[in-house]
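Below are my notes on the model, as numbered points. Please read them alongside the coordinates.

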Amino acid sequence: MLAVLGLGSNLGDREANLAGALDRLEQFTRILGISNVYETAPFDVLSQQEDYLNCCVMLDTELDPEALLDRCLDIEAQLGRVREEYHGARTLDIDLLVCQGFSSQTPRLTLPHPGILERAFVMVPLSDLFPGREALGLDFSAAYEAVDKTGVRLYK
């Protein structure tokens with residue numbers, strides 16, 4: 001199955017957190033592409049936070065979406081993710097964005113991810129992987145043109 005993940009970090013060594021996630025993902029998937037890394041202001045947060053580093057990753061996996069979600073949550077925990085407040089600061093966040101041929105709307109997993117089309121910090125790196133603005137069947141071209149991308153900065 002082809003899938004796209006969104007990765008973000010704004011606590012600790014943000015670069016090392018993203019690198020650690022990629023290393024762990026490679027243990028059970030084949031990474032087909034990694035976007036540029038972008039620095040972005042926190043989005044929809046309740047408290048003051050540091051800026052995020054964000055990227056998107058396209059991978060090929062034998063896991064179904066639920067099993068992939070479980071592995072991603074395990075990686076978050078391994079890298080120190082603690083869930084104390086809604087959209088709180090985090091060492092690592094891994095969102096399952098799209099999975100080829102799958103849609104889901106359960107309390108645990110919604111595919112495609114419901115926030116993709118309103119979040120520049122997702123669409124900008126996603127467009128690195130999919131310059132035609134269609135990711136595994138999800139057309140995000142109109143949303144990409146409409147969203148405010150001014151807070152998304154190429155990192156290094």
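1. Lys 156 counts as exposed, because its relative accessibility is 79%. The residue sits in the segment after strand E10 (152-154). Its phi is positive, about 55°, although Lys 156 is not a glycine. Please keep in mind here and below that this is a predicted model.

2. A positive phi also occurs at Leu 136, about 50°, and Leu 136 is not a glycine either. This residue lies in the loop between strand E8 (134-135) and strand E9 (138-139). Is Leu 136 buried or exposed? With a relative accessibility of 18%, Leu 136 counts as buried, the cut-off for that class being under 20%.

3. Pro 112 belongs to the loop that runs between E7 and helix H3 (120-129).

4. On the overall fold, the protein contains four helices and 10 strands. Read from the N terminus, the order of elements is β-α-β-β-β-α-β-β-β-α-β-β-α-β. Contacts between residues 24 or more positions apart make up 69% of the protein's contacts with a separation of 6 or more.

5. What radius of gyration would a compact globule of 156 residues have? The value would be near 15 Å, and the 14 Å of the protein agrees with that. Along the principal axes, the C-alpha atoms fill a box of roughly 40 × 35 × 30 Å. As to burial, 51% of the 156 residues count as buried.

6. Helix H2 spans residues 65-78, which makes 14 residues. The distance from its first C-alpha to its last is 20 Å, close to the 20 Å expected at 1.5 Å a residue. After H2 comes Gly 80, which has a positive phi near 90°.

7. Which residues of H2 are buried? They are Pro 65, Leu 68, Leu 69, Cys 72, Ile 75 and Glu 76. Viewed down the helix axis, the buried residues of H2 fall within an arc of 120°, so they line one face of the helix. Ala 77 and Gln 78, on the other side of H2, are exposed. The cover over the buried residues of H2 includes strand E1 (2-9), helix H1 (14-25) and strand E4 (52-60), together with strand E5 (93-99) and strand E7 (110-111).

8. Helix H1 has 12 residues and reaches 17 Å between its first and last C-alpha, close to the expected 16 Å at 1.5 Å a residue. Its buried residues are Arg 14, Asn 17, Leu 18, Gly 20, Ala 21, Leu 22 and Leu 25. Against what do these residues pack? Their partners are E1, strand E2 (30-34), strand E3 (38-40), E4, H2 and E5.

9. A search for disulfides over the whole structure finds zero. For Cys 56, the closest cysteine sulfur is that of Cys 55, and the 6.9 Å between the two sulfurs is too far for a bond. Cys 99 is likewise in no disulfide, its nearest cysteine sulfur being that of Cys 72, 9.1 Å away. For reference, a pair of cysteine sulfur atoms has to lie within 2.5 Å to count as a disulfide. Cys 56 counts as buried because its relative accessibility is 1%. Cys 99 also counts as buried, with a relative accessibility of 4%.

10. Glu 50 is in the loop between E3 and E4. Its relative accessibility of 59% is why Glu 50 counts as exposed, since that class begins over 50%. Setting aside neighbours within four places in sequence, Glu 50 is in contact with Asn 10 and Pro 42. The C-alpha atoms of Glu 50 and Pro 107 are separated by 29 Å, and the two residues are 57 residues apart along the chain.

Conventions: Residues are numbered from 1 along each chain as its sequence is written. This is a predicted model: local features need pLDDT of at least 70, side-chain atom pairs count only at pLDDT 80 or more; totals for chains, interfaces and linings use all residues. Side-chain values use heavy atoms; hydrogens and water are left out. Buried means under 20% relative accessible area, exposed over 50%, partly exposed in between (1.4 Å probe, protein chains only). Helices (H or I, at least four residues) and strands (E, at least two) are DSSP runs, numbered from the N terminus. The expected span of a helix is 1.5 Å times one less than its number of residues. The arc is that of the directions from the helix axis to the C-beta atoms. Contact means heavy atoms within 4.5 Å. The radius of gyration is taken over C-alpha atoms; the globule rule is 2.2 Å times the number of residues to the power 0.38.
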